[in-house]
Amino acid sequence: MKNKYKMIVDKYVDLIRSGELTAGTRLPTHRDLAASKRISLATATRVYAELETMGLVSGEIGRGTFVREISLPPGHGIDQHDVAAGLIDLNFNYPSLPGQGELLREALRQISSSGDIESYLRCQPHAGRLSDRQIIAGHLSRGDFEPKADNVIIVNGAQHGLTVTVMGLLRPGDVVAVDALTYSGFKVLGALYHLELIPIPVKNNGPDLEALRQICKLRHVRAIYVMPTLHNPLGWVLSHDQRKEIVNIARSNDLLIIEDAAYHYLVKTQPPAVAFFAPERTIYVTGFSKNVATGLRIGVIICPEVYRPALERAVRATTWNTPSLIVSLVCNWIQDGTVSRFETLKRRDARERQRILKETLGHMTCISHPDSYFAWIPLPEDMRADNVVKVLMENNISVSTAEPFCISQNVPQAIRLALGSVSYENLHKALQKVSNLI
């Protein structure tokens, strides 16, 4: 026979899945549930915790426990990359430029008619060929940051670079400090590799670094994950002083720094990379998915020499080596100026999309950077993000809630808009619908 606790859980499951308790319904407080069902407060808390684990409710500090919208895709769309016909996708960024397909065709012709074509059929060094690493190191060099080829590891995209870093340098149970709102892909990695992600409270212009100091006093933190240039999803670009302060904290507490620079190319003038200030402890990860094309899964890790063997082992374990054919294609485009041209055009493209955003949503609270491909929209107090996402989905517009990006227990009511994957016309149309709904 079921115990009383299980019977209460099952009753709520039936009420929510049948639609009798609709999305957004506020459930009794833990204390009221305990009193009405004649159970202990601890058992009431356990009931809601199980319902939350099942994805049926969400608890919000200071507000209560609410029924979630369960008709949405898992992750509120963030894990669904197949875009249905007619759907305007403001969930993912895969910016493309006119004519890139023909440039790819011509680049493949050039590769096929020159060099040792059979070399592409053979395995390559785990970190990539030295000549390719030299070209990539040169492309990423600027006056304040000049990586050497020996510190470059070529991987299958920036996400693979983060995966290799976690696999090679961290262990299950390690504590990693991350922004309370952070890149969803790193959150997924943390869960997959059983890391304990500790949220750093966020301020208007970056993470609360004093709070980070306190976290390091209370916990044995192994690493910090940062996005100093065009933070995803909040769009900030950390100042010179903020970057130096992160390094000071890392050195004081012997932290590994994982610097995610996936969108750095969009900001023409920016402070030095964190890796410039702390080259001895920073793993710098970037890629060519955003500035060239998402289908060309080429990424880069720049690391201190001491970490290279462990990172190469992780590359070997996951993919052996990055396909040299695609690496050659990207390196050829670096050398003939194509990548730089793409980056210039995409900077203009991102600014135009931010202009459209301001034109349509300028009357609302909107957190973004004028050079970025995304925006963060906090919702009014009486509005729930999962309901907004559902209504927009019914209007063939896909956006994400805050949940995939949120590390802390209290998930804010907000939506995140990716601006880089649709035409200007469709973007304007979709943002107008977002504005009308909110």
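Visitor: W333 and F342, buried or exposed?
Guide: W333 is buried, as is F342. Buried means under 20% relative accessible area, exposed means over 50%, and partly exposed is in between (1.4 Å probe, protein chains only).

Visitor: What kind of model is this?
Guide: It is a predicted model, in which local features need pLDDT of at least 70 and side-chain atom pairs count only at pLDDT 80 or more, while totals for chains, interfaces and linings use all residues. Residues are numbered from 1 along each chain as its sequence is written, and side-chain values use heavy atoms, with hydrogens and water left out.

Visitor: How many aromatic pairs does a search of the whole structure find?
Guide: Seven. Rings of Phe, Tyr and Trp (its six-membered ring) pair if their centres lie within 6.5 Å; planes under 30 degrees apart are stacked, over 60 edge-to-face, and the rest tilted. Y263 and F374 have ring centres 5.1 Å apart and planes at 80°, so this pair is edge-to-face.

Visitor: Where do Y263 and F374 sit in the chain?
Guide: Y263 is in the loop between β10 and α10 (274-277), and F374 is in strand β14 (residues 374-378), 111 residues apart. Helices (H or I, at least four residues) and strands (E, at least two) are DSSP runs, numbered from the N terminus. Y263 is buried at 6% relative accessibility, and F374 is buried at 0%. W333 and F342 also form an edge-to-face pair, with 5.6 Å between centres and 85° between planes.

Visitor: New topic. How many salt bridges?
Guide: The search of the whole structure finds 17. A salt bridge is a side-chain nitrogen of Lys or Arg within 4 Å of a carboxyl oxygen of Asp or Glu. One of them joins R219 and E196, at 2.8 Å from N to O.

Visitor: Why does that pair tie together parts of the chain?
Guide: R219 lies in the loop between α8 (209-218) and β9, while E196 is in strand β6 (residues 196-200), so the pair ties together parts 23 residues apart in sequence. R219 is partly exposed at 34%, and E196 is partly exposed at 30%.

Visitor: And E312 with R308, buried or exposed?
Guide: Both are buried. Their side chains form a salt bridge of 2.5 Å, N to O. They are four residues apart in helix α11, which means about one helical turn between them.

Visitor: Which residues are linked in a network of salt bridges?
Guide: R251, D254, E280 and R281.
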